[in-house]
Amino acid sequence: MNPSFPSFSSFFFTLTIIFCSLHSLGFANRLIQQTCKNCSKTDPNISYKFCVSSFESNHRSQHAENLEELGLISIKITRHNVTDTNAHINDLLEKNKSLDPFIKECLDDCLEVYSDTISTFREAIRDYKAKRYSDCNVKLSSIIDASTTCEDGFKQKNNGAISPLTKRNKDTFQLSAIALSIINMLINSDV
């Protein structure tokens, strides 16, 4: 056998690995698309396109084999978003010392509600992994409330202060809604 040429079995093995990987990615993409279709159909707050792009932005979801795995991934995507938003609020408060007092107060309130949700994620993930979906549902609902509470705080002023967090709050709301929708599918399917 010539050592400069790979053996037929080595070539066949590599080809099999590639085929299996592509098949797995195809299944995961169909799972994501079907899940997002179901989520957006049952909840008008969820955009199909946003749902799909959120999952596609996370490499783990490309290997999800079932709805349960995708549900856990959705919770972790939401947690990452909340953690990032919390850091962003901290940056806004630290870098902008001359903020309007009302905006600063709103940001402080947002920081508090978002900080509180970070520990909630630990509990929600623990409940989810233990298949206590109803308990997880309650905890994730509080995260939706946090994004809404944060955004609503900026609307309390008569002149309509502009929230620097509107997109982040909407993303948190929608990501939480996706996770809740998946949990409700799991509850209804008695997995």
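A disulfide is a pair of cysteine sulfur atoms within 2.5 Å. By this rule, the chain has two disulfides. The model is predicted, so local features need pLDDT of at least 70 and side-chain atom pairs count only at pLDDT 80 or more, while totals for chains, interfaces and linings use all residues. Residues are numbered from 1 along each chain as its sequence is written, and side-chain values use heavy atoms, with hydrogens and water left out.

**Overall make-up**

The secondary structure consists of six helices and zero strands. Helices (H or I, at least four residues) and strands (E, at least two) are DSSP runs, numbered from the N terminus. Along the sequence the pattern reads α-α-α-α-α-α. The chain has 191 residues, of which 41% count as buried. Buried means under 20% relative accessible area, exposed means over 50%, and partly exposed lies in between (1.4 Å probe, protein chains only). A contact means heavy atoms within 4.5 Å. Among contacts in the chain with a separation of 6 or more, 69% come from residues 24 or more positions apart.

**The disulfides**

| Pair | S to S distance | Torsion about the S-S bond |
|---|---|---|
| Cys36 and Cys51 | 2.1 Å | about -75° |
| Cys110 and Cys150 | 2.0 Å | about 100° |

The disulfide of Cys36 and Cys51 is left-handed, because its torsion is about -75°. This pair links distant parts of the chain, with Cys36 in helix 1 (residues 8–42) and Cys51 in helix 2 (residues 48–56), 15 residues apart. Both Cys36 and Cys51 are buried.

The disulfide of Cys110 and Cys150 is right-handed, because its torsion is about 100°. Here too distant parts of the chain are linked: Cys110 lies in helix 4 (residues 101–129) and Cys150 in helix 5 (residues 133–154), 40 residues apart. Cys110 has 0% relative accessibility and so counts as buried. Cys150, at 2% relative accessibility, counts as buried.

With the bonded cysteines numbered in sequence order, the pairing is 1-2, 3-4. Cys39 is in no disulfide, and the nearest cysteine sulfur, that of Cys51, is 4.9 Å away. Cys39 counts as buried because its relative accessibility is 0%. Cys136 counts as buried at 0% relative accessibility.

**Packing of the helices**

Two packed helices are described by the angle between their axes and the distance between the axes. Axes are lines fitted to C-alpha atoms, for helices over the stretch in contact, and angles run from 0 to 180 degrees between N-to-C directions. Angles under 35 degrees count as roughly parallel, over 145 as roughly antiparallel, 65 to 115 as roughly perpendicular and the rest as oblique.

Helix 3 (residues 67–95) packs against helix 6 (residues 166–189) at an angle of about 160°, and their axes are 9 Å apart. Helix 3 is therefore roughly antiparallel to helix 6. The contact of helix 3 with helix 6 has twelve nonpolar, eight polar and four charged residues. In this classification Ala, Val, Leu, Ile, Met, Phe, Trp, Tyr, Cys and Pro count as nonpolar, Asp, Glu, Lys and Arg as charged, and the others, Gly among them, as polar.

Helix 2 packs against helix 6 at an angle of about 85°, with axes 11 Å apart. Helix 2 is therefore roughly perpendicular to helix 6. Phe50, Cys51, Ser54 and Phe55 of helix 2 make this contact with Asp171, Gln174, Leu175, Ile178 and Ile182 of helix 6. By class, the contact of helix 2 with helix 6 has six nonpolar, two polar and one charged residues.
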